[in-house]
Amino acid sequence: ITIIDGDKGILRYRGYDIAELVATGGGFCSIAHLLLHGTLPQGRELDDFVAIVGKECHVPAQVVNVIKSLPSSAHPMAMLIASFATLAACYHGENSIDPLESAIVAISKVPGIVATIYRHASGTPAVEADPNLGYVQNFVKMMFGDLSGARQSVICRALESIFIMHADHEQNASTATVRATGSAGANLFSCLSAGTATLWGPAHGGANEAVVKMLEEIGSPERVGMFIQRVKDKK
């Protein structure tokens, strides 16, 4: 599905170069459809898929309750692991759904789950999902509320590109964990919980967290040179 060569700057999904996919204008949902179904949707097909994703965007009350039961100081990844485990409990037994539908449900609900975790950690009330908004626009609203037009546009454009570029990264550590767990016949949401635990590791997704901490430490553009010099001096 994915070809990635970091040394050569290559990232392709199903033969499409990532730069081409970012520029298509179809948004993250079109890329999700490409990865799941093998084709880039157009027109009515894309509209139908967006509608399916939007229909499932609400976070179940059980997941919200679990997040709220955790300390607001808890690590967001720990809360995300618990959220996926709760979804596994919700979609179990007579409520089970097939793997493809589970994948679409996960794609639909993750923005709301992440936003709920963020709002809980920051001590602010959760913002209800709006299925009439686009995928990224809905996420931004649930995270930050109503923003000014220009600011919202910049954030949405950046996140759309980030979501597309992170949609699939071949056989990395967390993907391998999800596949290994799934090979035992586990519920997809429990597989995602296991994969998220792997992603939390400092040698994997934790590296992104380290970058955020580095940027916070730098603080402002005029401090970049000083920070780089400190790194060179191994301080």
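**Reading the domain interface and the sheet**

Analyst: Between domain 1 and domain 2 the count is 0 residue pairs in polar contact, with both residues at pLDDT 80 or more. Please note that this is a predicted model.

User: Which classes of residue make up the side of domain 1 that touches domain 2?

Analyst: That side of domain 1 has 3 nonpolar and 4 polar residues, and no charged residues. Across the interface of the two domains, the rule likewise finds 0 salt bridges.

User: Where does the chain divide into these domains?

Analyst: Domain 1 covers 46-205 and domain 2 covers 206-234. In the contact, 7 residues come from domain 1 and 4 residues from domain 2. The C-alpha centres of domain 1 and domain 2 are 29 Å apart.

User: How many salt bridges does the rule count, and how is one to be read?

Analyst: Side chains of opposite charge can pair when their charged atoms come close. By the rule, the count comes to 3 salt bridges. One of the salt bridges joins R44 and D48, whose closest N and O atoms are 3.0 Å apart. R44 and D48 are separated by about one helical turn, because they are 4 residues apart in helix α3 (residues 43-55).

User: In what order do the strands of the open sheet lie?

Analyst: The 3 strands follow the order β1-β2-β3, with antiparallel pairing. β1 (2-5) and β3 (16-17) are at the edges with a single partner strand each, so one side of each lacks a neighbour in the sheet.

User: How do β1 and β2 pair?

Analyst: β1 pairs with strand β2 (residues 10-13) in the antiparallel sense over 4 bridges. I3 has R12 as its bridge partner in β2, while D5 has I10. The two strands, β1 and β2, form a hairpin with 4 residues between them, and G9 in the turn has a positive phi of about 70°.

Technical notes:
Residues numbered from 1 in each chain as written. Heavy atoms only, no water. Domains from an automatic or database assignment. Contact = heavy atoms within 4.5 Å. Salt bridge = Lys/Arg side-chain N within 4 Å of Asp/Glu carboxyl O. Polar contact = N/O pair within 3.5 Å; in protein donor to acceptor, adjacent residues only side chain to side chain. Nonpolar A, V, L, I, M, F, W, Y, C, P; charged D, E, K, R; others polar. Pairing = 2+ DSSP bridges.
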